[in-house]
Amino acid sequence: MTDDASPVLESPAVLDGLRKDAAGEGDDVPEAPPKKRRLLRRVVIVTVLVLAMVVAAAFALVMERQITLNGNIERIPGAFPEEAGRPAKAVGDAQNWLLIGSDKRPGEAGNQRADTIMIVHVPAARDRLTLIGIPRDSYVRIPGHGNNKINAAYAFGGPKLLIKTIEDFTKVRIDHFAALDFQGFVQMSKVVGGVDVYVSRKVYDPANKVTWPQGMVHLEGEKALLFVRQRYGLPGGDFDRIKRQQAFVGAMGHKIISKDLLTNPFKLNDFLEALTRAVSVDSGVTLSTLRDLALELRDIRPDTVDSATIPTLGTATVKGASIVRLDKKEGARFYEAVRNDSLGEYFKDNGGLDDLQIVS
């Protein structure tokens, strides 16, 4: 007996139908010609190679920028005093940076002046910054030189003696040191397009023959430098000068974190070039140190930056020179708050924050 199923399964028409069903009924699945497949593979390979080259070039550029910027920064060997007798570190991961502004880089010939002396307190939480101004005429004991204005410590012995002097009367450990060359400061202010500061009253600078009008003043380049360095003619003397410097630093910081700078690679590069060429730091500061700190402080905004001046008792005259007298009793409480990373509580209980919305 013949098998009726066999002829059906072996029928070419049926087998062809089964193939169509397997591929999807009614679907046409044309196979690409060999030449087209080869062309597609070549396009994919070329695209991948181009992308790889772009990534490699970008990586090389980033590395070159890091090497160049890192090389721009001047390192100061032996910036810190001998470890014996130095204060203990602040609690937790809090840091204290000593920032000065000067006409000369550390080590350059000639008398060096620290026109700006400021401790930047970085709390362990990295949620705020506190700029602590130290009047340059503060009358203190300078190790090996007797009593004098604190500004003289830098002239006598550079960063090491200045840090030693500050640590002796505050008992606050300085973790890092940075000196800003004022000429670089001028260039940085130009790159960011200057900043605006409100001046509360008309002020005349007799030393530079400049009049600052009341109202909003745009500060850029040499004009910015004249503003932050003015000393004579200010109602509050050195105290108003500190407020000016802190207000400018705050306004500059606002410009630095603005989208206009951060999203413009050319402008950002120009700023980083100016900054790294203008700053000198202790030998323990690397580009990685600065980058990591910048990332940790990425949420800092102008309203999370506090400004204060160390406690003082006003001015006096010693041997014909005007000096600033320090308040030792209140200062002890203030410096303890710095050491304990509790400045927020101190300001809440005692006040002491500088109002930088309006400066003289």
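The structure is a predicted model, in which local features need pLDDT of at least 70 and side-chain atom pairs count only at pLDDT 80 or more, while totals for chains, interfaces and linings use all residues. Residues are numbered from 1 along each chain as its sequence is written, and side-chain values use heavy atoms, with hydrogens and water left out.

## Overall make-up

The secondary structure comprises 12 helices and 15 strands. Helices (H or I, at least four residues) and strands (E, at least two) are DSSP runs, numbered from the N terminus. Of the 360 residues, 41% count as buried; buried means under 20% relative accessible area, exposed means over 50%, and partly exposed lies in between (1.4 Å probe, protein chains only). A contact means heavy atoms within 4.5 Å. Among contacts between residues at least 6 apart in sequence, 66% join residues at least 24 apart.

## The sheet and the hairpin

Strands of a sheet pair through backbone hydrogen bonds, either parallel or antiparallel. Here two strands are taken to pair if DSSP finds at least two bridges between them. An open sheet of seven strands has the order β1-β12-β7-β2-β3-β4-β13, and its pairing is mixed. At the edges stand β1 (74–76) and β13 (305–309); each has a single partner strand, so one side of each is left without a neighbour in the sheet. On average, neighbouring strands of this sheet are turned by 25° against each other, direction ignored.

Strand β3 (residues 114–122) pairs with strand β4 (residues 129–133) in the antiparallel sense, over four bridges. His121 stands opposite Thr130 in β4.

Strands β14 (residues 312–318) and β15 (residues 321–326) also run antiparallel, joined by five bridges. Thr315 has Val324 in β15 as its bridge partner. Two residues lie between the strands of this hairpin, where Lys319 takes a positive phi near 55°.

## The nonpolar cores

In soluble globular proteins, nonpolar side chains tend to be buried together. A nonpolar core is defined here as a set of buried Ala, Val, Leu, Ile, Met, Phe, Trp, Tyr and Cys residues joined through side-chain atoms within 4.5 Å. The largest such core has 33 residues, and those with the most contacts inside it are Leu98, Ile100, Ile117, Leu162, Ile166, Phe177 and Phe334. At least two residues of this core come from each of β2 (95–102), β3, β5 (139–142), α4, β7 (176–181), α11 (328–339) and α12 (343–350). The most is given by α4, with eight residues. Apart from this core lies another, of 25 residues, among them Phe185, Met188, Val195 and Val199.

Leaving aside residues up to four places away in sequence, Ile166 touches Leu98, Ile117, Ile119, Ile134, Ile150 and Lys171. Thr165 lies in helix α4 (residues 150–170) and is buried, with a relative accessible area of 0%. With the same exclusion of residues up to four places away, Thr165 touches Val140, Arg141, Ile142, Pro143, Ile150 and Ala153.

## Salt bridges

Side chains of opposite charge can pair when their charged atoms come close. The structure holds 16 salt bridges, a salt bridge being a side-chain nitrogen of Lys or Arg within 4 Å of a carboxyl oxygen of Asp or Glu. Three of them are listed here.

| Salt bridge | N to O distance |
|---|---|
| Asp175 and Lys89 | 2.7 Å |
| Arg136 and Asp137 | 3.9 Å |
| Glu330 and Arg333 | 2.3 Å |

Asp175 and Lys89 form a salt bridge that links distant parts of the chain: Asp175 is in the loop between α4 and β7, Lys89 in the loop between β1 and β2, 86 residues apart. Asp175 is buried, with a relative accessible area of 12%. Arg136 and Asp137 are both buried.

Glu330 and Arg333 lie in helix α11, three residues apart, about one turn of the helix. Glu330 counts as buried at 17% relative accessibility, whereas Arg333 is partly exposed, with a relative accessible area of 39%. Elsewhere, salt bridges that share partners join Asp115, Arg136, Asp137, Lys149, Arg229, Arg231 and Arg241 into one network.

## The α11 and α12 pair

Helices α11 and α12 pack at an angle of about 145°, with their axes 8 Å apart. These axes are lines fitted to C-alpha atoms, for helices over the stretch in contact, and angles run from 0 to 180 degrees between N-to-C directions. From α11, Glu330, Arg333, Phe334, Ala337 and Val338 meet Leu343, Tyr346, Phe347 and Asn350 in α12. The residues of this contact divide into six nonpolar, one polar and two charged; Ala, Val, Leu, Ile, Met, Phe, Trp, Tyr, Cys and Pro count as nonpolar, Asp, Glu, Lys and Arg as charged, and the others, Gly among them, as polar.
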